[in-house]
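Please read it alongside the sequence and the structure shown here.

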Amino acid sequence: MADLLPTGSAKLGAVSTPARRALFPGVPAVLFALMTWQVLADGPLLRLDARLSRALIRPDRFSELLSDLGNVQVAVPVLLLAIGCALRFGRGDGAPRWWLPPLTAAVLMALLPAVVVPWKEWTARPGTPVVPPAVGYFPSGHTATAVVAYGSATLLLLPRLRSPAARRALVAGCAVLVLAVSYGLVRRGWHWPLDVVASWCLGAVPLSVLAPVVSRSTRRSSSGTPSSRTGPSSPTTSSDRAARARSRGSGTNRSSSSSSGSPGPC
């Protein structure tokens, strides 16, 4: 089939695939940089952000509980549980570099504060009117933690689910958790809406790094890679097929010979 493709099309596909891979983390990174520029320059986007915040702020206990879903004490244990499952199943499958996706997820999660905390200090954005006077609210650390922790857990567990309904439910659950944290932070007044949106973009960058790592590991494990339990898949499959064919052939011959020598039904 590859020989039927025109040479120009093959070259175009070879060029477009890396471009698409670079585009996914590139777009949110550029958007995050633009929002940072607006905060530093006190641009017009901040005035729109302030009006939107005034319309949405209604501090209550429910919004505070939703924002707590972005706490490190809540989100990171969920990721650690997913990492443990990925390590267990990956090792059992015998896939090459089965440890790489969970290790990548753990490293990206650990590096997140090293980006968020200096960024808060650099931008020094004041908080909303309902919080005590302080600076360092951009970007939202709770939102970034939720995006990276719940998103990474979803990416690690998604290849283990065979049912499309279960996969959709997992992705929907991740989206609901991130949106719940985002809504709670804005509704309670802990953050401006722009702080939250910026953290969506920031969190998308490490997820775009983890996604191809998980994808490559999944492709290798499902392409007939030998495991500790099954051994090399191709020779075993071929011999099994040949044995089943011989068994069916001998069974058919025996059935034919026995039926020819026996009387028919009354």
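The points below are grouped by topic.

The model is predicted, with local features requiring pLDDT of at least 70 and side-chain atom pairs pLDDT 80 or more, whereas totals for chains, interfaces and linings use all residues. Residues are numbered from 1 along each chain as its sequence is written, and side-chain values use heavy atoms, with hydrogens and water left out.

**Overall make-up**
- The protein has nine helices and zero strands, where helices (H or I, at least four residues) and strands (E, at least two) are DSSP runs numbered from the N terminus.
- Of its 266 residues, 34% are buried, meaning under 20% relative accessible area with a 1.4 Å probe and protein chains only, while exposed means over 50%.

**Helix α2**
- Buried in α2 are Leu46, Asp49, Ala50 and Ser53.
- These residues lie on the same side of α2, because they cover an arc of only 100° around the axis, taken from the directions from the helix axis to the C-beta atoms.
- Pro44, Arg47 and Ala55 are exposed on the face of α2 turned away from its buried side.

**Helices α6 and α7**
- The axes of α6 (residues 141–157) and α7 (residues 164–188) come within 10 Å and cross at roughly 175°, with axes being lines fitted to C-alpha atoms over the stretch in contact and angles running from 0 to 180 degrees between N-to-C directions.
- The two helices α6 and α7 are therefore roughly antiparallel, a term for angles over 145 degrees.
- Among the residues of α6 that meet α7 are Tyr150 and Leu157, and those of α7 that meet α6 include Cys174 and Leu185, with contact meaning heavy atoms within 4.5 Å.

Key:
Angles under 35 degrees count as roughly parallel, over 145 as roughly antiparallel, 65 to 115 as roughly perpendicular and the rest as oblique.
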